[in-house]
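Let's take a friendly walk through a protein structure. Keep the 3D view open and turn it as you read.

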Amino acid sequence: MTNTKFGEQACRQVLARLDSYIDNELLTESSLDLVEHFERCTACTREAQERRKARTRLQNAVRGAYVPAGLEERVRDRLRQSQQPHAKKFYPMAIAATLAVCLGSLLTYQAIYRFGALRATTASQQSYIAAISGQVATVIRVGLGDHLHCAVIRQRSNAAIRGIDKLPAQYKQLIPMVHQYVPADLPLSVAHECSFQGRKFIHLTFRNGRSLLSLVIARRQAGESLGATSLLSQSGVPIYTAGVQQFQVAAFESRDFLVYTVSDLPHQKNLAVMIALAPTLRNLLDQMGA
Amino acid sequence: MEVSQAMTGWAADAPPTFLSTASRLDLSAAERFEAEAMPHLNDLFRTALRLTGERGNAEDVMQEVYLQAWRSFDRFESGTNCRAWLYKILFHCVSHHRRKWFRFPLLKETEEFLEANLLAPAPVAEHVTDGEILKALDEIPAEFRSVVLLVDVEEFAYKEVAGILSIPIGTVMSRLSRGRALLRKRLAEVASAYGIGKTVPKDN
């Protein structure tokens with residue numbers, strides 16, 4: 001930005017970057033320029049709020065669309081009729097997609113580290129969470145977001161968030177049960193109720209010097225579903241997974257809850273915890289929700 | 001059931017330990033595909049619905065996206081970004097089907113527009129319904145609608161959108177600004193057509 005920080009010319013420059021600003025795509029210095037401008041200019045502040053509001057309304061409208069109940073099954077039927085993937089065939093489209101995606105992730109990763117998001121302001125923490133969460137399905141984002149917000153950022157900067165006394169009484173029974181399934185070298189560090197983006201979570205954090213694992217439980221909202229019939233269900237509970245950067249997510253749904261394990265463990269190890277945990281935990285949650 | 005009873009029940013079941021489960025974790029391609037790709041189905045369907053404008057078409061496209069993803073799944077690496085990969089396939093399928101959508105005369109993406117965009121459009125009125133927002137979105141040209149959906153609703157980063165749509169990042173930014181402005185302009189028209197404060201119940 002030039003030296004013109006206020007006045008009509010400055011507003012024009014701010015408005016030209018406003019979209020990138022609300023999408024957290026500006027570098028820190030540029031964002032700070034805008035924040036400084038907002039402190040003195042109510043018109044631009046209002047416009048930024050309006051654009052954020054418009055984005056939220058649009059999100060709600062699109063996500064509110066009804067998804068036909070049988071779609072997942074119909075897609076699956078079609079897949080069953082088709083051949084197994086054949087290693088020898090050449091799929092230029094898939095290769096191009098994979099390369100593009102890898103490049104995109106790499107660039108995002110670098111951008112975040114240049115940004116120094118973990119150390120910086122609330123705004124940059126939000127942008128760090130957004131940049132990672134944006135890479136997984138909306139329904140997976142719920143658990144990943146709380147892990148990043150609470151276990152990765154908040155607990156790291158605030159040593160007061162420790163212990164298990166903030167866990168609502170009816171969830172205390174989770175602790176001995178969960179202990180059976182989480183690797184013994186990952187001790188329970190925090191068990192509490194927390195909230196992120198207007199939603200409440202039951203959140204258990206296991207941590208040692210090298211690794212961090214969260215068990216995140218959230219009440220299901222209308223229309224929220226992982227899909228109920230995954231093939232990955234040796235233990236009788238369909239489990240879904242996602243990976244983004246160093247974070248691995250495994251998830252299942254019960255009648256009333258969405259349950260996630262999120263960690264920086266290897267993909268298979270994170271998944272193994274969830275597979276071991278899921279049947280017993282689902283039974284328990286079904287009893288509690290009743 | 002009492003909690004104490006439930007606890008006894010688990011002990012009797014002799015649950016698998018962490019290690020015994022880990023050693024059994026040799027997943028087939030089908031299991032990995034289910035676990036990684038299926039949670040994206042609802043998000044992809046909602047995007048497909050806005051791109052095709054019709055439920056039947058959106059369903060057909062979804063069948064195709066998952067079939068193509070499954071056939072090339074051996075090239076997808078577990079634990080990497082499955083979501084962007086699926087969206088890239090979605091846009092490929094959609095454009096393959098309906099090339100004409102992408103033959104909208106390209107509106108000029110120049111300073112001329114940026115100038116107009118600087119004049120802040122009217123705010124989105126509270127009484128505009130979700131249905132009206134969707135209608136307004138469906139009316140803006142497909143290339144702008146695509147970028148607005150990917151950034152605003154699906155929350156992809158600009159660079160990821162550039163990868164998914166195979167366009168330069170500068171084009172992502174200009175289409176986004178223009179798409180958002182077009183959307184708000186349409187919504188302002190809707191709001192003024194009903195008059196201030198009048199609620200019109202209508203949903204999609």
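## The largest nonpolar core

Which residues of the largest nonpolar core touch the most other members? They are Ile140(A), Leu144(A), Tyr260(A), Tyr66(B) and Leu90(B), in a core of 95 residues. Helix α6 of chain B, residues 82-97, gives the most to this core, with 10 residues. Please keep in mind that this is a predicted model.

Another core lies apart from the largest one and has 33 residues, including Ile217(A), Leu265(A), Ile275(A) and Leu284(A).

## A covered strand in chain A

Now look at strand β6 of chain A, which covers residues 257-263. How many of its 7 residues are buried? The count is 7 of 7. In a regular strand, side chains alternate between the two faces of the sheet. You can follow this in β6(A): Phe257(A), Val259(A), Thr261(A) and Ser263(A) point one way, while Leu258(A), Tyr260(A) and Val262(A) point the other way. Tyr260(A) is also one of the residues that touch the most other members of the largest core.

Which strands pair with β6(A)? Strand β3 of chain A (residues 212-219) pairs with β6(A) in the antiparallel sense over 7 bridges. Strand β5 of chain A (residues 247-253) is also antiparallel to β6(A), with 6 bridges, and a hairpin of 3 residues joins β5(A) to β6(A).

## Chain B and its aromatic rings

Chain B has 11 helices and 0 strands. Of its 204 residues, 53% count as buried. Among contacts in chain B with a separation of 6 or more, 75% are between residues 24 or more positions apart. Chain B exposes about 9,100 Å², and carbon and sulfur atoms supply 56% of that area.

The whole structure has 6 aromatic pairs over all chains. One of them joins Phe33(B) and Tyr66(B), edge-to-face, at 6.1 Å centre to centre and with 85° between the planes. This pair links distant parts of the chain, with Phe33(B) in helix α3 (residues 29-37) and Tyr66(B) in helix α5 (residues 55-71), 33 residues apart. Phe33(B) also pairs with Trp70(B): the ring centres are 5.3 Å apart and the planes are at 55°, so this pair is tilted. Phe33(B) counts as buried because its relative accessibility is 2%, and Trp70(B) is buried too, at 5%. Ring pairs link Phe33(B), Tyr66(B), Trp70(B), Phe73(B) and Trp85(B) into a cluster.

A disulfide is a covalent bond between the sulfur atoms of two cysteines. The sulfur of Cys41(A) has its closest cysteine sulfur in Cys44(A), 3.7 Å away, which is too far for a bond. Cys194(A) is in no disulfide either, with the nearest cysteine sulfur, that of Cys150(A), 4.0 Å away. Are Cys41(A) and Cys194(A) buried or exposed? Cys41(A) counts as buried at 12% relative accessibility, and Cys194(A) counts as buried at 6%.

Terms used. Residues are numbered from 1 along each chain as its sequence is written. Chains are lettered from A and ligands numbered from 1 in the order in which they are written. This is a predicted model: local features need pLDDT of at least 70, side-chain atom pairs count only at pLDDT 80 or more; totals for chains, interfaces and linings use all residues. Side-chain values use heavy atoms; hydrogens and water are left out. Rings of Phe, Tyr and Trp (its six-membered ring) pair if their centres lie within 6.5 Å; planes under 30 degrees apart count as stacked, over 60 as edge-to-face and the rest as tilted. Helices (H or I, at least four residues) and strands (E, at least two) are DSSP runs, numbered from the N terminus. Buried means under 20% relative accessible area, exposed over 50%, partly exposed in between (1.4 Å probe, protein chains only). Contact means heavy atoms within 4.5 Å. Accessible areas come from the Shrake-Rupley method with a 1.4 Å probe; for residues, only the protein chains shown count as cover. A disulfide is a pair of cysteine sulfur atoms within 2.5 Å. A nonpolar core is a set of buried Ala, Val, Leu, Ile, Met, Phe, Trp, Tyr and Cys residues joined through side-chain atoms within 4.5 Å. Two strands pair if DSSP finds at least two bridges between them.
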